[in-house]
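I opened my notebook today to look up a few residues and the cores around them. Come along and follow my entries.

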Amino acid sequence: MIVAGFILLAVGAADLVRQFAPRRWIGYLTVTVVLLLLGSVSDALLPMALALVVGALWVWSMPTERPAPLGFWPAVLLAVVSVGAVVGFGARPDAGLIGAVWRLRSPFGEVPFDLALLALGAGVFLLESANLVVRAALDGEHTWRPADPAATPVTAVADTAAAAETAAASETAAATETDAEVASAPRDPRGGFKGGRLIGPLERILVLILTLAAAYPILAAMLAAKGIVRFPEISRDGETGARAEYFLVGSLVSWVIALGAAFLVWWAAHS
């Protein structure tokens with residue numbers, strides 16, 4: 001349990017640092033120091049060191065500036081390692097120095113330190129790291145990306161390029177100048193679903209909390225409400241279905257991550 005908690009916390013914290021810290025090395029150093037302190041007081045230096053290694057590998061394999069070279073397979077491997085750590089090792093009888101003074105009560109009973117660290121790591125992972133996994137899944141499936149108004153499915157791009165090459169020989173100079181002016185026009189930075197970077201983490205945190213609280217009717221209502229809100233955008237797809245594909249792939253991957261995190265915490269709490 002403590003291994004999965006440290007790994008998820010290291011990965012999630014690293015992704016938050018490289019998104020919001022102007023000087024990343026300061027953020028990485030801070031995360032390392034915090035994990036070192038937590039590992040020292042909880043008698044878990046080996047899991048902490050393993051988490052630092054996994055976090056570094058995650059940052060390398062899931063970049064933010066370009067498509068992930070390995071797709072979303074690092075996320076699959078991370079899920080296997082986390083589930084294996086929780087199922088295989090379970091809870092520790094002794095949490096070290098902090099275990100002697102740790103007291104955290106909840107409506108469901110007392111929460112051990114290892115379980116609290118796992119829940120914290122899962123929550124931090126759902127904030128930004130899950131966004132990277134969703135993006136990698138969309139890129140891996142060549143799904144239309146609304147953040148770029150010019151983006152289209154791969155087949156549509158190929159058809160458009162072929163048609164443009166065929167029509168290029170018959171275009172006049174005036175038409176070429178008009179096209180150049182249109183292409184050089186600034187794009188609206190507010191185009192597409194920019195709010196998804198904030199909506200996604202909030203949605204996943206709510207899914208995690210509602211699932212652990214067994215509030216399944218509220219959870220179902222929230223997920224249905226998202227589909228209703230997105231329906232006007234999806235209904236303008238026409239024949240391509242690109243927006244619907246983007247919504248379904250992104251939402252399903254996001255929900256699976258959140259439900260997986262909730263299942264991980266639930267299993268650890270009942271093991």
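Here are my entries, starting with how the model is read.

**Ground rules.** I am working with a predicted model, where local features need pLDDT of at least 70, side-chain atom pairs count only at pLDDT 80 or more, and totals for chains, interfaces and linings use all residues. Residues are numbered from 1 along each chain as its sequence is written, and side-chain values use heavy atoms, with hydrogens and water left out.

**Asp15.** I found Asp15 in helix 1, residues 2-20 (helices are DSSP runs of H or I, at least four residues, numbered from the N terminus). Is Asp15 buried or exposed? Asp15 counts as buried because its relative accessibility is 0% (buried means under 20% relative accessible area, exposed over 50%, with a 1.4 Å probe and protein chains only). Leaving aside neighbours within four places in sequence, Asp15 is in contact with Trp58, Glu128, Ser129 and Leu132 (contact means heavy atoms within 4.5 Å).

**The largest core.** Next I looked up the largest nonpolar core, which has 50 residues (a set of buried Ala, Val, Leu, Ile, Met, Phe, Trp, Tyr and Cys residues joined through side-chain atoms within 4.5 Å). Phe6, Trp58, Leu118 and Phe125 touch the most other members. Among the elements giving two or more residues to this core are helix 3 (45-61) and helix 12 (242-270). Helix 1 gives the largest share of this core, eleven residues.

**Ser61.** My last stop, Ser61, lies in helix 3. Ser61 is buried, with a relative accessible area of 4%. Not counting residues up to four places away in sequence, Ser61 touches Ala68, Pro69, Leu70 and Pro74.
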